[in-house]
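I opened this model to look at its sheet, the helices on it and a few residues. My notes are below, in the order I looked things up.

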Amino acid sequence: MVGELNRLVKEVHSSKLKEQELIIKQKESALQSMQSHINPHFLYNSLEIINSHAIMENNRDISRMTGALAHMFRYNTGNAGQIVSLHEELTHIRSYLTIQQARFRHLEVDIHMDEYWGRHISTVRLTLQPLVENAFIHGYHGQKPTYIGVMGKPEQGYFSVLVIDRGIGMSEETRERFLDRFSDGDLQAAASTGDTVTSGIGLLNVHQRLRLAFGSDYGLRIVESAPGQGTCFEIRLPCRLKEEEDWPCTV
C-alpha cells in the first residue's frame, strides 16, 4: 500500500510539473508572437539613422538612448529560455536603465558585480529585466523612482544577485503570498488570482524558468520588504565556473 501511495504521489507531482511547463511555454509563445510583429532589421536600421543624426548634431543624450534601445530590442528578441552569462544580463539591464534615467532624471542606479563572476555565472535569458521592471511598476507605484540597486556575490553553495528598490514596499500579507507561490511554484494559481505582477514574463514565470533550468534550489526569494522601506529580491543561481562544472561557491 505504501509503495502504491508513493507511486501515485510521484505521478501527481510529475503531472503538475508538466502542466507548469506547458503554462510557461504558452506564455513564451505569446511573447515570441508579439516579438515577430516587429521587423527587427527595419527597427535597427531606423535606430541607426536616428543615432547618426544625433551624433552629427552632437546630441549625446539622444545617441546614448537610441544605442541603448537598439541593444534592448536585439536582446529581447532572443529565446527567453536560453542560458546566458550574467554579464550579458547586466549589459542588457544597463541599457534598460539608461533609458529610465533619461526619463527619471533623479534616478540613482547602483550596479556592483565583479567582472569575473559576471562572465562565469550562468542564468536564464531575461531574468533581470522583469525584476527591475517590477520595481518601477509596483515598487514605486504612485511615486517617482529614486534608486535601483543590482548587487552580486557568491554565497555558500550558490551565487546571489540582489535587486533593490527604495519604494513603497510590500505588506506582510503580500510578501507571504509571494513566498508561498515561490515555494510551491504554482503558476496556475497565481494567474487565477492575478498575482503575476511584472510586465512581459512575470516574476513567477522567471522563478519557475530558473527552477526548470537549474533545479529547485534556485530561483527567486524576497530578502526583505516592508511598507515604506522598499523591497529586496534575491535571484539564486548555480555557482559553478563554466570551465569547471563541479566547482562550487565558497565564502
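**Ground rules.** I'm working from a predicted model, where local features need pLDDT of at least 70, side-chain atom pairs count only at pLDDT 80 or more, and totals for chains, interfaces and linings use all residues. Residues are numbered from 1 along each chain as its sequence is written, and side-chain values use heavy atoms, leaving out hydrogens and water.

**Whole chain.** I count nine helices and seven strands in the protein chain. Helices here are DSSP runs of H or I with at least four residues, strands are runs of E with at least two, and numbering starts at the N terminus. Of the 251 residues, 45% count as buried. Buried means under 20% relative accessible area, exposed means over 50%, and partly exposed is in between, with a 1.4 Å probe and protein chains only. The chain exposes about 13700 Å², with carbon and sulfur atoms supplying 53% of that; the areas come from the Shrake-Rupley method with a 1.4 Å probe, and for residues only the protein chains shown count as cover. I also looked at contacts between residues at least 6 apart in sequence: 71% of them join residues at least 24 apart. Contact means heavy atoms within 4.5 Å.

**The sheet.** In what order do the strands of the open sheet lie? I read β2-β4-β5-β7-β6, five strands with mixed pairing. The edge strands are β2 (108-112) and β6, each pairing on one side only. The twist averages 20° from one strand to the next. Two strands pair if DSSP finds at least two bridges between them. Axes are lines fitted to C-alpha atoms, for helices over the stretch in contact, and angles run from 0 to 180 degrees between N-to-C directions.

**Strand β7.** On one side, seven bridges join β7 to β5 (residues 158-165), and the two run antiparallel; Asp165 has Thr231 as its bridge partner. β7 is also antiparallel to β6 (residues 219-225), through six bridges. There I noted Leu220 bridged to Ile235 and Arg221 bridged to Glu234. The β6-β7 hairpin has five residues between the strands, and Gly228 in it takes a positive phi near 80°.

**Helices on the sheet.** α4 lies across β2, β4 (147-155), β5 and β7, running at about 170° to β2. α4 (residues 86-103) has 18 residues and reaches 26 Å from first C-alpha to last, close to the 26 Å expected at 1.5 Å a residue. That expected span is 1.5 Å times one less than the number of residues. Its buried residues include Leu86, Leu90, Ile93, Tyr96 and Leu97, and Glu89, His92 and Gln100 are also among them.

α9 (residues 203-214) has twelve residues and reaches 17 Å, close to the expected 16 Å. α9 is mostly covered, with nine of its twelve residues buried. Among them are Leu203, Val206, His207, Arg209 and Phe214. Gly215 follows α9, and its phi is positive, near 120°.

**Core.** Which residues have the most contacts inside the largest nonpolar core? They are Phe159, Val161 and Leu237, in a core of 41 residues. α4, α6 (128-139), β4, β5, α7 (172-184), α9, β6 and β7 each supply at least two residues of it. A nonpolar core is a set of buried Ala, Val, Leu, Ile, Met, Phe, Trp, Tyr and Cys residues joined through side-chain atoms within 4.5 Å. I then listed the contacts of Val161, leaving aside neighbours within four places in sequence; they include Leu86, Met113, Leu128, Val150, Phe233 and Leu237.

**Leu220.** Not counting residues up to four places away in sequence, Leu220 touches Leu131, Phe182, Leu203, Val206, His207, Leu210, Glu234 and Ile235. The C-alpha atoms of Leu220 and Glu234 are separated by 5.6 Å, with the two residues 14 apart along the chain.

**Leu126.** Last stop was the loop between β3 (122-124) and α6, where Leu126 lies. Its phi is near 60°, a positive value in a residue other than glycine. Most residues other than glycine have a negative phi. Leu126 is buried, with a relative accessible area of 5%.
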